[in-house]
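Please read them with the structure open beside you.

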Amino acid sequence: MLPDWKLKIILKMSSIKIDHATASLKFNKDEAHVDWHDETLWFVRSKRDKAVFQISEWEQLREAGSQIKNHVLSNMYNLLVEFEEKATANGITVHWAADAKEHNEIVYSIIKNEGVNRMVKSKSMLTEECHLNDFLKEKGVEVIDSDLGERIVQMRGEAPSHIVLPAIHLKKSDVGETFHKHLGTKKGATDPQYLTEAARQHLRDTFLTRKVALTGVNFAIAETGGFVVCTNEGNADMGVHLADVHIASMGFEKIIPMVEHLGVFLRLLARSATGQPITTFSSHFHKPRAGQKMHIVIVDNGRTKQLGRPDFRSSLKCIRCAACLNTCPVYRRSGGHSYHTAIAGPIGSILAPNLDMAQNADLPFASTLCGSCSNVCPVKIDIHEQLYKWRQVLVQEGHVPTVKKVGIQSMASVLSSPSFYRTAGKLGRFLMKNTPFITNNNLNIWYQQRDMPDVPKESFREWYIREKVN
Amino acid sequence: MNNHQRNNMSSREKILSQIKTNQPDYQELNVKFKFESLYENLYEKFAEILSFVGGKALQVNSYEEIKANIRVLYQGVTNIATTIPELSELADFSLNVADPHDLEMLNLVIIEGDFAVAENAAIWVSEKHLPHRALPMITQYLAIVIHKSDIVTNMHRAYERVKVDETGFGTFISGPSKTADIEQSLVIGAHGARGLMVYVMD
C-alpha cells in the first residue's frame with residue numbers, strides 16, 4: 001500500500017490531471033464559497049488600488065520597472081556572471097541548477113553536509129515549482145514552512161493556492177480545525193489573533209532549533225552580489241539569523257542590475273501585492289554572519305527556454321506580486337488549485353506551458369482575455385496578449401482537445417461560406433422556435449447557466465434586404 | 001555548440017551558454033527611474049504611515065523623554081536591552097552574548113535606526129547598529145530611535161543615502177511584524193516584534 005505522500009508525488013508527476021474547466025466546475029459547486037473567494041480577492045485588489053492612487057507617478061514607475069526588466073532580459077548573461085563574482089567574493093557559495101531535480105539535490109547535499117535532518121523554510125514559489133518539500137521528505141528530511149499561510153496548507157497537505165496569500169481559499173474555521181488537530185488549540189476556535197498566537201509559539205520553537213534555513217530571493221543585485229528578501233512576518237529573518245546555514249533559492253530571472261533599481265521595485269512590489277507601502281522587512285543580505293555559511297542556488301528549470309521565446313520571454317519579468325491573480329475574474333471564481341501548477345492565475349498560465357505544453361494546454365484557455373491582468377502588472381507584462389498567443393501555439397502543436405478543434409473547424413466552415421451561413425442560421429432559427437428542446441437541455445453547455453436568447457423573426461440580412469427594397 | 005558538447009559541460013556552463021544564445025538583443029537602459037515625492041511635513045507623513053502599518057511614532061526632545069515614556073509604556077516589563085548608551089539604565093539584559101539564541105527571552109529592545117523613509121515608514125537598520133542580526137526580530141517588542149533630520153522622502157532618496165553592502169546585512173523595517181493569512185484578518189505580531197515604537201528626536 002503506497003503511503004499518502006508517495007501517491008501524491010506520483011499523481012503530481014503523472015499525466016493524470018484534472019483540467020482547469022473540470023476543476024473549476026467542482027469549485028463552483030459551492031456558490032456561496034465562490035462568492036466569498038471572489039469578494040476576498042477583489043478586496044485585496046481594492047487595497048492595491050488605494051495604495052496605487054496615492055502615487056501620482058505610478059504609471060511612470062511601472063514603465064521604469066518594465067524597462068529595467070527588459071534591459072535585464074537583454075543582458076542576462078553579463079549580469080549573472082557579475083552577480084556570481086561579487087557574491088563569491090563576499091563569501092557566498094553560488095550553485096547552478098539546470099532543473100528542479102538538480103536544485104533539490106543541491107539543497108539536500110547542503111543539509112546532509114551539516115549532519116542534520118530538519119530545515120525551516122520561508123516562502124519560495126520556486127521551491128514549490130521544484131517540489132522540494134516532497135523530495136526532501138522522501139530523503140528523510142523534515143521541512144517546516146514558516147510563513148503562516150504556507151504552514152497552514154502544509155499541515156493540511158495542500159499546495160498554496162496563491163503566490164502571496166497561500167491560504168486565501170480557507171476560512172478561519174478551516175484554520176481553526178487544522179490548528180486544533182496539529183497544534184492542540186481549542187476546538188472550534190476561529191479568532192485570528194488566538195490562532196496566529198498559537199502559530200507564533202509553535203514556529204518560534206522551530207526557528208530556535210533549526211540549523212539550516214532556506215529562503216527565496218525577491219531581488220538579486222548584480223552590482224553588489226547581494227540579494228533582498230521581503231516578508232511581513234519576519235519569518236525569513238527569524239529562520240536565517242538563528243541558523244548556521246542560509247540557503248537562498250532563486251530563479252535566474254530575479255537578477256537586477258543595480259542597488260538603486262531597488263528604489264523602483266520596492267515601491268512597486270508591496271503596493272501591487274497587498275496595498276502596503278512596503279513589506280515589514282526588506283532584508284538585504286551581502287555576507288553570511290560570522291560563523292555562518294551562505295549558499296545561493298541559481299535555477300534554470302525551463303527559464304532559458306522561455307528566454308528564447310520572443311513572444312513569451314517577457315513573462316520572466318515577473319516580480320511575483322500576484323496582482324494579476326487578485327484581479328482575474330477567472331482566478332477569483334475558480335481558485336488557485338484549479339490551475340494544477342505551482343503558480344496559478346494569469347502569470348502561471350503563461351509560464352506553465354513553457355514547462356510542459358501537454359500538461360498545461362488548458363491554462364491559457366482559462367481566461368476571458370479581459371486584459372485586467374496586463375493593466376495591473378507592475379512591470380507591464382502583456383499577460384493577456386501572451387495568453388492569446390499561447391493558444392495559437394497550443395493549437396498548432398496539437399494540444400487542443402479534439403472536441404474543441406472540431407467545433408472551431410466547423411465554425412470556420414460555416415462562417416467562411418455566406419450561403420452555408422445563411423442556411424445554418426435559418427435552420428437554427430427554425431429548430432429553436434419549433435423544437436426548443438434541441439438546444440434547451442443540459443448537453444448544451446451554454447444553456448447550463450443561461451437562457452437561450454429569443455428567436456428572432458428574421459435574420460439581419462433578410463431585414464436589411466426588405467428595408468432596402470422599401 | 002552541439003548537444004554532445006553541452007552534455008559534458010557543468011550546469012553552470014550549460015545554463016550560461018543557453019542564456020547567451022537565447023537572450024534578446026541588448027537593450028540599453030535609459031528610462032527615468034527616480035522620482036520626487038513632495039510632503040509638507042516629513043515627520044507627519046512618516047508618523048501617519050507608521051500608524052497605518054501598525055506602529056507608533058513619538059516626537060521627543062531628549063533621551064530623558066524616551067526613558068520616561070518607556071517606563072510608562074512598558075511598566076513592569078523585564079528583559080529589556082538597548083544598544084544606545086544614553087538609555088542603558090533601562091536595560092537589565094546584556095547584549096554581550098556569543099549566540100543569538102541567547103536573545104530568546106528578550107521582551108523589549110531599543111535600537112538606533114540609521115534613517116527613515118516618509119513614504120512607507122521604513123527605517124534602515126544595519127549591522128552598524130546591531131550586535132546581532134536577529135535582534136530586531138527575536139524580541140517581543142521593538143523600539144527604534146531616529147533623528148527627525150534623518151527622514152528622507154522616498155525609496156529613491158533612501159538608496160542614494162545608504163550603501164547597502166557596507167555591512168553584510170541590513171534591513172528596512174516598516175512597522176511591527178504582521179500577517180493577514182487567516183481569512184484576510186490583520187494580526188499584528190506574527191514572528192517578529194509584536195509592536196513597534198519609534199522615537200523621533202529633534
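1. How many bridges join strand 5 of chain B to strand 8 of chain B, and in which sense do these strands run? In this model, which is a predicted one, four bridges join strand 5 to strand 8 (residues 169–173) of chain B, and the two strands run antiparallel. As a point of reference for the eye, B:S126 stands opposite B:G170 in strand 8 of chain B.

2. Strand 5 of chain B is also joined to strand 4 (residues 115–117) of chain B, again in an antiparallel arrangement, this time by three bridges. In that pairing B:V117 has B:A122 of strand 5 of chain B as its bridge partner.

3. Why may strand 5 (residues 122–126) of chain B be described as largely enclosed by the rest of the structure? The description holds because five of its five residues are buried, where a residue counts as buried if 20 or more other C-beta atoms lie within 10 Å of its own. Both faces of strand 5 of chain B are covered, with B:A122, B:W124 and B:S126 buried on one side and B:I123 and B:V125 buried on the other.

4. Strand 6 (residues 141–147) of chain B is mostly covered as well, six of its seven residues being buried. Strand 6 of chain B pairs in the parallel sense with strand 3 (residues 108–112) of chain B over five bridges, and within this pairing B:I111 stands opposite B:I144. Strand 6 of chain B also pairs in the parallel sense with strand 11 (residues 195–201) of chain B, here over seven bridges, and B:H147 has B:M201 of strand 11 as its bridge partner.

5. Turning to chain A, the axes of helix 17 (residues 345–355) and helix 19 (residues 383–396) of chain A come within 9 Å and cross at roughly 35°, and the crossing is left-handed. On the helix 17 side, A:P346, A:I347, A:S349, A:I350 and A:P353 take part, and they meet A:I383, A:Q386, A:L387, A:W390 and A:L394 of helix 19 of chain A. The residues of this contact between helix 17 and helix 19 of chain A divide into eight nonpolar, two polar and no charged.

Terms used: Residues are numbered from 1 along each chain as its sequence is written. Chains are lettered from A and ligands numbered from 1 in the order in which they are written. This is a predicted model: local features need pLDDT of at least 70, side-chain atom pairs count only at pLDDT 80 or more; totals for chains, interfaces and linings use all residues. Axes are lines fitted to C-alpha atoms, for helices over the stretch in contact, and angles run from 0 to 180 degrees between N-to-C directions. A crossing is left-handed if the near helix is turned anticlockwise from the far one by less than a right angle, and right-handed if clockwise. Two residues are in contact if their C-beta atoms, placed from the backbone, lie within 7 Å. Ala, Val, Leu, Ile, Met, Phe, Trp, Tyr, Cys and Pro count as nonpolar, Asp, Glu, Lys and Arg as charged, and the others, Gly among them, as polar. A residue is buried if 20 or more other C-beta atoms lie within 10 Å of its own, exposed if 12 or fewer, and partly exposed in between; C-beta atoms are placed from the backbone. Two strands pair if DSSP finds at least two bridges between them.
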